[in-house]
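Trainee: I am new to this structure. May I put some questions to you about it?
Mentor: Go ahead, with the sequence and the structure in view.

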Amino acid sequence: MITTEIKNTLCEIWDAYISSDRTVKDTKGNVLRDIDSSRHEVIVDIKKIIDSFFQSEIDIYEFKTSIDSINKRNNLWGFTSIKGQMFFNQLVKTNEGKIDQLTLLLKECISEPKDPQEALIKIRKLEAFCDIIMEKASDKRKVAKSSSVGYFLSYFWQVFNPEKWPVMYTSQIASYVELGLWVDQKNQVDTYKSFYELTDQIKLILSKYTSRNIDYWATEHAFWNYKGNPNQKQEIKQDVVATKHIEQEKKITLNASFDLEDYIIPKVARLKDIGSNNEKSASSKGSEFEKVVAEVFNLLDFEVEALGQGTGRNPDAIIKYREENTAFIVDAKAYSGGYSLGVDDRAIKEYINHYCPKLIKQGYKRIGFIIVSNSFKSNFDSFINDITWNSDIRRFILLESEALLYLLAYKTKDKHSLSVLIEKLIGFANPITAQ
């Protein structure tokens, strides 16, 4: 029962949102202008990705990577958080032995329900699947938690129909708790049912107050303004331990407090200096830079096929990790003033068209492209979008040379496996810097 006092508070929350000029901020505190129009534009592309997955034109790995990529470029729903992409990554990684079963289950569950009752059935199926995996797991920290299911599925449902499905944000539930409107439920089925019904009531109250139709997005934005962007909040209750674990991991990964020279050999420590050297010829400098880049990837435990200068029109290296059927085409660019795309776009596409079919034939299911340079000075977004949408490349990475050395230093310092390093590498936004 929503009391008159709480109704008044809800109206105050709405008024505060309106008085802020309908301000919505991203995770870095930057104002998102006209977020609804941006969402409508991005939804067109997200639907294309989902449809490709439904039609089996892309597999679950590429689907996961594509959803990750589009949300990193357009973080308009908070999907880059723990209950979104992190959940998706863990769900796929811990179920690679039953990937066909998971694929069929996801296709069924993320498709739009015909009504709230069917929505609860879909939640129950994915929640039960996660609970079984959790029960059998030896390291439960690495397993996708069923407490993320409601948010994860409702994100996809809202993509299909924003007018019909609210996304179950943790921060919004935290607001409901603060207002005295929320009672914790024992599972995700009951949680989403309560969230759906309560949000509908609030939407109706605000619609009556404003004498116009208030939709789910407007309601959500008002609570973002009141409580903060969902990505800026920790997960509540069941996810507290997981959040702390991830926050600690980020501190280890992002805040280097050591000297590179303490953990890497002199042979590769000069990589950045080689790239910025203006005394040697471009050909000589480029050849040396390529060799050191290949050596760093070798030290990271990749199987490295060095190509580079003298081998014809080829990328500089192909690096492979057979254990996870993962490979990257690598191009090293020794540009002291920062690398820009220029005329290389045709060459890059030729490398992809030539080597991707070969790698796929060899059984590599996940293929990426890495450009290593001291720095990057142009915007590659349109080109990267074109490559990842129209080729077999799942992740296109711009990697600064100093960042590559830090990756090697972390492997040496903390004894990280190559699997963990690849997971970090593909998780960062472009360009990847030492910071």
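Trainee: Which residues does Thr388 touch, not counting residues up to four places away in sequence?
Mentor: Keep in mind that this is a predicted model. Thr388 lies in helix α16. Leaving aside residues up to four places away in sequence, Thr388 touches Glu62, Ile393, Arg394 and Phe396.

Trainee: Is Thr388 buried or exposed?
Mentor: The cut-off for buried is under 20% relative accessible area. Thr388 has 17% relative accessibility, so it counts as buried.

Trainee: What distance separates the C-alpha atoms of Thr388 and Thr65?
Mentor: Along the chain, Thr388 and Thr65 are 323 residues apart.

Trainee: Which residue is the bridge partner of Ile367 in β5?
Mentor: Strand β4 (residues 366-373) runs parallel to strand β5 (residues 393-400), and 7 bridges join them. The bridge partner of Ile367 in β5 is Ile393.

Trainee: Through which helix does the chain cross from β4 to β5, and what is the hand of the crossover?
Mentor: The helix on this path covers residues 381-390. Thr388 lies in that helix, α16. The chain goes from β4 through α16 to β5, and the β-α-β crossover is right-handed.

Trainee: Which residue stands opposite Ile367 on the β3 side?
Mentor: Strand β3 (residues 326-333) is joined to β4 by 8 bridges, and the two run parallel. Opposite Ile367 in β4 stands Ala327.

Trainee: Why is β4 described as largely enclosed by the rest of the structure?
Mentor: Strand β4 has 8 residues. It is largely enclosed because the number of them that are buried is 7.

Trainee: Which residues touch the most other members of the largest nonpolar core?
Mentor: That core has 77 residues. One of those asked for is Phe63, which touches Ile49, Ile50, Phe53, Ile58, Phe88, Ile110 and Phe156, not counting residues up to four places away in sequence. Another core, of 37 residues, lies apart from the largest one and includes Leu271, Phe297, Ala409 and Ile432. In the largest core, the residues touching the most other members are Phe63, Trp77, Leu126 and Phe152.

Trainee: How is helix α4 placed against helix α7: parallel or perpendicular?
Mentor: Helix α4 (residues 82-93) packs on helix α7 (residues 149-160) with the axes 8 Å apart. The contact is made by Lys83, Gly84, Phe87 and Phe88 of α4 with Val149, Tyr151 and Phe152 of α7. The angle is about 95°. Angles of 65 to 115 degrees count as roughly perpendicular, so α4 against α7 is roughly perpendicular.

Trainee: What is the phi of Ser56?
Mentor: Most residues other than glycine have a negative phi. Ser56 is found in the loop between α2 (35-54) and α3 (60-73), and it is exposed, with a relative accessible area of 53%. Although Ser56 is not a glycine, its phi is positive, about 60°.

Trainee: And what is the phi of Lys415?
Mentor: Lys415 is found in the loop between α17 (401-414) and α18. At 69% relative accessibility, it counts as exposed. Lys415 is not a glycine, yet its phi is positive, about 55°.

Trainee: What is omega for the cis peptide bond that joins Asn430 and Pro431?
Mentor: Most peptide bonds are trans. Pro431 has its place in the segment after α18 (418-427). The bond joining Asn430 and Pro431 is cis, with an omega of about -10°.

Methods. Residues numbered from 1 in each chain as written. Predicted model: local features only at pLDDT ≥ 70, side-chain atom pairs only at ≥ 80, totals over all residues. Heavy atoms only, no water. Buried < 20%, exposed > 50% of the residue type's maximum accessible area, 1.4 Å probe, protein only. Helix = DSSP H or I, 4+ residues; strand = E, 2+ residues; numbered from the N terminus. Pairing = 2+ DSSP bridges. Right-handed = clockwise from strand over helix to strand, strands pointing away. Core = buried A, V, L, I, M, F, W, Y, C linked by side-chain atoms within 4.5 Å. Contact = heavy atoms within 4.5 Å. Axes fitted to C-alpha atoms, helices over the stretch in contact; angles between N-to-C directions. Parallel < 35°, antiparallel > 145°, perpendicular 65-115°, else oblique.
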